[in-house]
Amino acid sequence: MGLAVDRLELGPIGTNTYLVRASAAATDAVVVDPSGDAATILGVLATLDAACTAILVTHGHFDHIVSLADLAAETGAPAYAPAGERILFEDPSMFTMPGVTVKPSRPDHWLEGGETIEVAGIPFAVTSVPGHSPAHLAYHADGHLFSGDVLFAGSVGRTDLPSGDWSVLQASIATLLDTYPPETVVHPGHGPETTLDAELQRNPFLADLRASRAG
């Protein structure tokens, strides 16, 4: 049957929060990048007859963790996050836009990339993909890649932010292209889903990668 993935566009800048289940009939769900407010996420989960049993975070930028502290507290679900960005979770005010308040959080498991974790009955491969942020992670399961702000439909993550690096981001995207099949569905941190192949073929920011793989 494949994974069931529901996308919610939440928070102050329209960040994608994903509800991921092993199948449409599954009652355990993983929440990826909890933005917005916990009540909204829990309300949608209730309509799916599902409960949050784990939280995965791709990186520590404020819009991807707006409701992390509340969701973890209300559900007791363990949170997994990039070890190299711990300070952004403990003191989110370091990277939060004016007028937005994000509560500090303490994820239960710090990841480096290279791990495989099983949550809600789903094995996720964890890949280190820095460049947009210093320790950004991507999560892959059953042909679905949760890429955070590394790769979008028709675009890529910003590198003009603190700790951003264009050459490192290019290398991270190349890693994704080399690691996962071209038909892999990409669920980005903003905007619609796409596939790795579609981005390699048409994404204007991947011109150098296309040229290096031509012929």
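Which residue of β6 does A81 stand opposite? Select A81 and W110: these two residues face each other, W110 belonging to β6.

This is a predicted model, in which local features need pLDDT of at least 70 and side-chain atom pairs count only at pLDDT 80 or more, while totals for chains, interfaces and linings use all residues. Residues are numbered from 1 along each chain as its sequence is written, and side-chain values use heavy atoms, with hydrogens and water left out.

Now select β5 (residues 79–82) and β6 (residues 109–111). They run parallel and are joined by three bridges. Strands here are DSSP E runs of at least two residues, helices are H or I runs of at least four, and both are numbered from the N terminus; two strands pair if DSSP finds at least two bridges between them.

Next, select helix α2 (residues 68–75). Its buried residues (under 20% relative accessible area, 1.4 Å probe, protein chains only) are L68, A69 and L71. What covers these buried residues includes β4 and β5, along with β3 (28–32), α1 (38–47) and α3 (86–90). Just after α2, select G76, which has a positive phi of about 75°.

Terms used. Buried < 20%, exposed > 50% of the residue type's maximum accessible area, 1.4 Å probe, protein only. Contact = heavy atoms within 4.5 Å.
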